[in-house]
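Try each task before you read its solution.

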Amino acid sequence: MVSYLTGSKDYKMTMQTANELGIQAVEERNDKQIHDVIITIETPSDVVVAEDFDITITMHNTSSEERNVHAKLLVFACFYTGVTKARCKEELLAVNLKPSETSSSVVHMAASDYMMQLADHSCLKIYLVGTLEETKTKLIAQSDMCLARPQLEITLKNTEGLKADEIFFAVFHFMNPVSMALTNCKLSVDGCGAEAVKSVDLPDIEPFQNLKTKMKLRLIKGGHQTLIAGFTCDQINNVTGYIELDIERLV
């Protein structure tokens, strides 16, 4: 996401949000300001929850004069609606730009910076706010990202010719994709027509370890059904998997 021109609608909306979040040194000015530094925030698109990643801030000086930028990067965990939940990281940046120069800064986000702050959809909102020393122009840029979740795979056993109200077995496979143990792990199963199953406690899953567990299930309704499984732990929540199957109806 690039920075917004001072006075533009996007600038005002982002400025208002920043002020509501308590980001200091962000002020509205009525006079027209020279906006000659362009800011871009880049994040990787394939980050899985509980992984470290880097945020790259690129600044380009479009003027023929030297520019000094004093800025603050802030990262917030947010809900899927965009409403922020908690601040995860704050870092100060001071960048000197020669005429027409482009400079990039990298801010490292460790999993421990955000893991305990994430909301249900694992989204982050990134702000950079700053000032040009020479012109006193206010700069602001924003970027959003959502972290991917690990996969929960489901395979079925003894379902050929399965009828409603008959018992069958489902096998659940999950691999811990991160370099930390997953604790307080739980597995739940649900679906239209599925007999209620209590959440099952699972052992801790060590880094990069595969977990495979089997569960006895019953579908009390026939027809085309979808079985949905959910996995949660202290470090990652709302990991889901599903599988569809056809059940013979009772005559």
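Helices (H or I, at least four residues) and strands (E, at least two) are DSSP runs, numbered from the N terminus. This is a predicted model, in which local features need pLDDT of at least 70 and side-chain atom pairs count only at pLDDT 80 or more, while totals for chains, interfaces and linings use all residues. Residues are numbered from 1 along each chain as its sequence is written, and side-chain values use heavy atoms, with hydrogens and water left out.

**Exercise 1. Describe the chain as a whole.**

Step 1: count the elements; the chain has 2 helices and 14 strands.

Step 2: look at burial, where buried means under 20% relative accessible area, exposed over 50%, and partly exposed in between (1.4 Å probe, protein chains only). Of the 251 residues, 44% are buried.

**Exercise 2. Find the disulfide and describe the two cysteines in it.**

Step 1: apply the cut-off, a pair of cysteine sulfur atoms within 2.5 Å.

Step 2: check the handedness; the torsion about the S-S bond of Cys 123 and Cys 146 is about 85°, so the disulfide is right-handed.

Step 3: Cys 123 belongs to strand E6 (residues 123–132) and Cys 146 to strand E7 (residues 138–146), so the pair ties together parts 23 residues apart in sequence.

Step 4: compare accessibility. Cys 123 is buried at 8% relative accessible area, whereas Cys 146 is exposed at 52%.

**Exercise 3. Classify two aromatic pairs.**

Step 1: recall the rule. Rings of Phe, Tyr and Trp (its six-membered ring) pair if their centres lie within 6.5 Å; planes under 30 degrees apart are stacked, over 60 edge-to-face, and the rest tilted. The structure holds 3 such pairs.

Step 2: for Phe 53 and Tyr 114, the centres are 5.9 Å apart and the planes at 50°, so this pair is tilted. Both Phe 53 and Tyr 114 are buried.

Step 3: Phe 174 and Phe 231 are stacked, at 4.3 Å centre to centre and 25° between the planes. This pair links strand E9 (residues 167–175) with strand E13 (residues 223–232), its members being 57 residues apart.
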